[in-house]
Amino acid sequence: MQGKVSPSRAIFLDPGLPKGGDDMADTITNDAVRQNYAYPVGRLLTVGDAQVFTQVEWPDYCEKYELRGEHIPELIRMACDLALQENDSDGPEIWAPVHAWRALAQMRAAEAVEPLLQLTRIDIDDDAVAQEFATVFGMIGPSAIAPIAGFLQERSLPWLAVSLATEGLTEITNRFPEYHNECVGILIRLLEHCADLDSIAVGCAISGLLDLKAVESIDAIREAFRVDAVDISIAGDLEDVEIALGLRKHRSTPRPYYPFASKQLPSAVEAFETGFADFPSEIDNWPRPVKVGRNAPCPCGSGKKYKKCCLV
């Protein structure tokens, strides 16, 4: 939802339509994208800022907006509505998909999992998807496991889709610990043919296994590193992984050069602004960059975890 700075366009209620509850029209038409949604789902077009990037409690959508099971298909349509997702307006309608998928999460709507997973394939430049989809899958719960497992069988998925699916499994396990072994098994199977996966996606799968403290996955993880299929910027190299799983205490080799910002980055920026004065000699004296843990605060200062912010 970032970067949407065009003038807002009105959301209007068609005066010719019969009235529903709370004096709302039965159908709400969004003038920016010309999308019609029946009452009460259409009310979500008018809610506005979902406060995605702040730590807030979600409202009870079913109680507040009179949403019921029969509204699930319409909520799925709104959550996956690309006209809303890609709209350049800064009006309240751009937040409607967020409200819709939150409502689906609270309703534990298993039928929403597959459409939402398919949405992660599309590069819609929406930070809200990266911020909340794993939570949505976790709230939907065990009924989301089978769709996620089926989704991860495709080997050509973009890395972000894999990351959100694997984080979804982690969220499910956190909420329903009795499904730990099933979720770990899915991630281990994902690594069995990792040579044909995007290396970032493999790193995300390993990151998920670390979050689940899945020591039993170490053989599959070691094989992934052996065939050089892992992007080490996600969860580190094999020694980092073994330390995270409690299988070793210390590194045996020097820490690799991770592609993260050095503590000396401000001086690099300053050098750029001053015409690179003394810049080449300064590079030689830089310390190796410090690896940022995926669960550590993001170095950008956003207040979010690194894996939820600049890593994505």
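Author: The chain has a mean pLDDT of 78, with 71% of its residues at 70 or more; pLDDT is the predictor's confidence in each residue, from 0 to 100. This is a predicted model, so local features need pLDDT of at least 70 and side-chain atom pairs count only at pLDDT 80 or more, while totals for chains, interfaces and linings use all residues. Residues are numbered from 1 along each chain as its sequence is written, and side-chain values use heavy atoms, leaving out hydrogens and water.

Helices here are DSSP runs of H or I with at least four residues, strands are runs of E with at least two, and both are numbered from the N terminus. Over residues 2-34 the pLDDT is below 50, though the model gives this stretch 81 contacts beyond near neighbours in sequence. A contact means heavy atoms within 4.5 Å. Residues 260-290 also stay under 50, with 27 contacts beyond four places in sequence. Where pLDDT is low, the predicted coordinates should not be read in detail.

R102 is buried, with a relative accessible area of 2%. Buried means under 20% relative accessible area, exposed means over 50%, and partly exposed is in between (1.4 Å probe, protein chains only). Leaving aside residues up to four places away in sequence, R102 touches A50, Q51, V52, W58, Y61 and E132.

E132 leads us to a neighbouring helix. In the contact between α4 and α6, V98, W101, R102, L104, A105 and Q106 of α4 meet A128, V129, E132, F133, V136, M139 and I140 of α6. The two axes come within 8 Å and cross at roughly 15 degrees. Axes are lines fitted to C-alpha atoms, for helices over the stretch in contact, and angles run from 0 to 180 degrees between N-to-C directions. That angle makes α4 roughly parallel to α6. The cut-offs are under 35 degrees for roughly parallel, over 145 for roughly antiparallel, 65 to 115 for roughly perpendicular, and oblique for the rest. α4 passes α6 in a left-handed crossing, where left-handed means the near helix is turned anticlockwise from the far one by less than a right angle, and right-handed means clockwise.

α4 has another packing partner, helix α2 (residues 72-79): their axes are 8 Å apart, at an angle of about 140 degrees. So α2 and α4 count as oblique to each other. Their crossing is left-handed. On the α2 side the contact uses I72, L75, I76, M78 and A79, and on the α4 side A96, P97, A100, W101, A103 and L104.

Let's follow α6 (127-140) onward: A144 lies in the loop between α6 and α7. A144 is buried, with a relative accessible area of 0%. Not counting residues up to four places away in sequence, A144 touches V113, F137 and I172. The C-alpha atoms of A144 and E114 are separated by 8.5 Å, although the two residues are 30 apart along the chain.

For contrast, S252 sits in the loop between α13 (238-244) and α14 (265-273). S252 is exposed, with a relative accessible area of 60%.
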